[in-house]
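Here's a quick tour of the charged pairs and the nonpolar packing in this chain. Have the structure open as you read.

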Amino acid sequence: IGNLTQANSISESVNLAFGVPVWITGVVITALALAIILGGINSISNVSSVVVPFMAILYMICGFAVILGNIRNLPSGMQLIFSMAFNPKAAGGGVLGTITVTVMNSMRYGVARGVFSNEAGLGSAAITAAAATTDNHVHQGYINMTGTFFDTIVVCSVTGLVIASSGVLGSTDASGIPLQGVQLTTAAFSTVLGPAGKYVISTGIILFAFSTIIGWEYHGEKAFEYLTGSRRFNWVYRVIYSLVSYIGATQALNIVWSFSDIMNALMAVPNLICMLILSGEAAQDVIAYQPKIKAERGQRLQ
């Protein structure tokens, strides 16, 4: 499901920046994804280990440059974020239904976008973590936690501050429709970087989203392998998965995101229930691992 939204983001970004038709982008994504995915987990990890760090560093540098360029607007931008997050008008309406709808929509979009930011709660990231070579599962869990931190707390916060300080929030396009998504972020980066802003965003989305597409394929493949009880038909899943990327790249954004939100919810609910059931066992493992952390910390200080 994740490849639908990621492919859609890539095609929209490429169309916005370079004017390339979405169907052409869809064909390219499908071909590249299939070529890499057929190589298995080693091929996927080799590509991701190069693409992700490079793009993360470039994106952070450009993001901080835009924030510094609009530093005077940052306090008002921060105020805008908090005023919109805790808007008293929602409660001032006096109608319980209005309040409920507002809160529920906020929760729905917050959870849905948070899931796409770091996959927390879906249970999918654990599949990749299980493929790692480690001497302790708790140690691997701590490593995975850093990914969530950098994805959401660092990268997403930089994006939010770029938009908040740029002054473009609430701007509209030529048809009078408010800017959102890729268009809004591109406009924010362009306030300091100029025309180069759209190329930074487009390149970032292409690399980030494509690495996500090939990474999530491994999650689905392992689940498919478990259900079939054999690796014999994995190549079938890889081909179908790559073809689905074309569908995501060529469909309307609202259709793709709505469908993906539903599917992610169907994944998250049973996984979260299982996490609650196993929370006691997980806590025991973490507590048992603490002496080793303290011992390693003491060795470093010596």
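## Salt bridges at a glance

Searching the whole structure turns up four salt bridges. Bear in mind that this is a predicted model. Let's take the pairs in turn, then move on to the core.

## Lys292 and Asp135

Lys292 pairs up with Asp135 in a salt bridge, with 3.1 Å between the closest N and O atoms. This one ties together distant parts of the chain: Lys292 sits in helix α12 (residues 253-301), while Asp135 is in the loop between α7 (125-129) and α8 (137-166), and the two are 157 residues apart.

How open are these two side chains? Lys292 counts as partly exposed because its relative accessibility is 33%. Asp135 comes in at 59%, so it counts as exposed.

## Arg238 and Glu221

Next up is Arg238, which forms a salt bridge with Glu221; here the closest N and O atoms are 2.8 Å apart. Again the pair links distant parts of the chain, with Arg238 in helix α11 (residues 234-250) and Glu221 in helix α10 (residues 196-228), 17 residues apart.

Are the two partners buried or exposed? The cut-off for buried is under 20% relative accessible area. Arg238 has 14% relative accessibility, so it counts as buried. Glu221 is buried as well, with a relative accessible area of 5%.

Lys222 joins Glu225 and Arg231 in a network of salt bridges.

## The nonpolar core

Now for the greasy part. The largest nonpolar core contains 36 residues, and Ile10, Val162, Phe189 and Ile213 have the most contacts inside it. Helices α1 (2-18), α2 (22-37), α3 (40-69), α8, α9 (181-193), α10 and α11 each put in at least two residues. Which helix gives the most to this core? That's α10, with nine residues.

Setting aside neighbours within four places in sequence, Ile10 is in contact with Thr25, Ile29, Ile205, Ile206, Ala209, Phe210 and Ile213. One of those, Ile213, is also among the residues with the most contacts inside the core.

Terms used:
Residues numbered from 1 in each chain as written. Predicted model: local features only at pLDDT ≥ 70, side-chain atom pairs only at ≥ 80, totals over all residues. Heavy atoms only, no water. Salt bridge = Lys/Arg side-chain N within 4 Å of Asp/Glu carboxyl O. Helix = DSSP H or I, 4+ residues; strand = E, 2+ residues; numbered from the N terminus. Buried < 20%, exposed > 50% of the residue type's maximum accessible area, 1.4 Å probe, protein only. Core = buried A, V, L, I, M, F, W, Y, C linked by side-chain atoms within 4.5 Å. Contact = heavy atoms within 4.5 Å.
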